[in-house]
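Please keep the sequence and the structure in view while reading.

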Amino acid sequence: METPSGSLKNLNIFKTSVWDLMQEEPNKICTGIKGVDENYGGGISLGHITELIGNSGTGKTQMCLNLCLNVQIPKTAGGLEGSALFIDTRQDFNPHRLLRIFQIKLIVIDSLSFTLQMIENKSKMFELLLELHESMRNLQRTYKVAWVITNVLTYRVSKGQFHLVPALGDLHSHLINERIWFSRSWQRYVGKTWDTCRLINSPK
Amino acid sequence: MDLKNEILQTETGKQLSEYQLNLLKKNGIETISDFYEEDEDKLKELLAIRIETLRELKSEMALLTNPFNEESILDINYGTGLEELDKLLVNVEQQFKPGRVWEICGPTGVGKTQLMYTLMVNFVWKHNLQALFIDLKRDFSSKRIGDMLAARETDSGSCERVLKAIRVAEATTSRELIEMLQNFYQQLAASNKDAQRTKLVVIDSLPECFYSFRGKKMAMLRKSLITELACSIRKLSVHGIAFVVGNMSFFQKEEETVNDDGEDDGGRNEEVPVKRQLDPMLGDHWGSVCTLRLSVEMPIVWYDEQGADRTSRTTSKDNGIRLVNVISNTYGPVGGSCRLRITEAGVV
């Protein structure tokens, strides 16, 4: 990690240019979905929180599992040769499949919204969500990992109309880095809100 | 200061002939700000020099002036490079000049970052100066800058120049951010070349480093940190450094969340709720730090039929049009707005 906190005294803040960043080694996990990979320049980034959003049965968990496999591609094949940690909140995943847990490069929480929505007290839930974000950031500061979380859509009433919006609220939407939308017809969109997202992949 | 003397003080300027300098005067370009505001192509033709030479000259002129006792440089208008926005800024009497602290706020995903990237690229592109991007979210994407340049079909030389002139620094806490700005100030005092060339600081999503201070107990600490941050920004801005800060805004809590949403602003927005009013975060005090607050919003769409399952929609409706409103302005009137379009090449 480049910037450990508290030791900025001798740091040259002008050291890194965008040019330098572009020369760096790729640190992406390939998603296997062509459009998504192209859009993100090779896959989801280490150091980012990527949210997969969509109703159930649209392929979110499938992609999580794919990522878990793809993160292990050996360096000789252009991969990251890392491991994944899969936190399954609905207990439908067999952790024994992931035996070699060292060099973790990817942490998946599937599904984040499910656990949080179990909490009755809304302000407590919000508090927990922010705490979670804080610890995700802290972990990212020490280890370069990619976070992948899944979320679902929910209804919100505004001016007597129902709007379908991502669960977990606006602040959460701001705190994540990327969001990939999953639709029933296997289309994939990229963008923070439904109104602004772009279609990047659709089956032929 | 006299433009002619100013030009003659630079390395590149010394190579210009008396005739060329007189040509400037003949064409009504007599002051430094005239020189900066004049169309580059026209200047190029007039002086019969290459555009690179012209840019070199401009940047040398910008460096000539000592950043610690500088008045004349504050008159330069950088220009945003966005025609519509520039028009709006003329109307509200606040153009993009050194020392301005701008805030760009808006809801998530509306294109704040894209607008900030565009301003940064345009700035570096046009003025041959450096910009510093402070990344609070580990979110900086060099690919997006690269894509933007690629979409503009620029030659690889100037592309490289732009990429090298944008510096990126990462901060994760408000404390680090403040230290970073202080470090900048010290380097400016120590006549660091990079610090002197850096005339624009872009801070993306400022609320990011404050959201961990929640609740009543932390409110005081948060306030003191914001004040400290404001002081370090002020300190740099009086030396001609321009700031563009990203902030986010929420719709006021007039909406009801149905089953499970339960977000609130963590006690941040204490103002009286106004209907569908977008409110920037970080409170009123912060608002007074900025010389200009721009709010980027989606234009109002009339939902004719609100389908229940919107994910079944096959095409995304977004046409890239955004409304930019002036919500506060210390130099002139408030309330103008303009339309911008988000494209691959940035915002136009």
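The model is a predicted one. The account begins with helix α5 (residues 122-142) of chain A, whose 21 residues should span 30 Å at 1.5 Å a residue; the end C-alpha atoms of the helix are 31 Å apart, which agrees.

Which residues of α5(A) are buried? They are Met125(A), Phe126(A), Leu129(A), His133(A) and Gln140(A). Viewed down the axis of α5(A), the buried residues fall within an arc of 100 degrees, so they line one face of the helix. On the face turned away from the buried side, α5(A) carries the exposed residues Lys124(A), Glu131(A), Ser135(A), Asn138(A) and Thr142(A).

Chain A also contains an open sheet of seven strands, in the order β4-β5-β6-β3-β9-β10-β11, with mixed pairing. At the edges stand β4 (83-88) and β11 (198-201) of chain A; each has a single partner strand, so one side of each is left without a neighbour in the sheet. On average, neighbouring strands of this sheet are turned by 25 degrees against each other, direction ignored. Strand β10 (residues 188-190) of chain A pairs with β11(A) in the antiparallel sense over three bridges, and Tyr189(A) stands opposite Leu199(A) in β11(A).

| Strand of chain A | Residues |
|---|---|
| β4 | 83-88 |

Cys68(A) lies in helix α3 of chain A. Is Cys68(A) buried or exposed? Cys68(A) counts as buried because there are 21 C-beta neighbours inside 10 Å, and 20 or more are required. Cys68(A) and Asn12(A) are 56 residues apart in sequence and 37 Å apart in space, C-alpha to C-alpha.

The largest nonpolar core has 76 residues, and those with the most contacts inside it include Met120(B), Ala131(B) and Phe243(B). Helix α8 (residues 112-127) of chain B gives the largest share of this core, eight residues. Apart from this core lies another of 42 residues, among them Val36(A), Tyr40(A), Leu80(A) and Trp147(A).

Definitions and conventions
Residues numbered from 1 in each chain as written. Chains lettered and ligands numbered in written order. Predicted model: local features only at pLDDT ≥ 70, side-chain atom pairs only at ≥ 80, totals over all residues. Core = buried A, V, L, I, M, F, W, Y, C linked by C-beta atoms within 7 Å. Buried ≥ 20, exposed ≤ 12 C-beta atoms within 10 Å, placed from the backbone. Helix = DSSP H or I, 4+ residues; strand = E, 2+ residues; numbered from the N terminus. Pairing = 2+ DSSP bridges. Axes fitted to C-alpha atoms, helices over the stretch in contact; angles between N-to-C directions. Expected span 1.5 Å × (residues − 1). Arc of directions from axis to C-beta.
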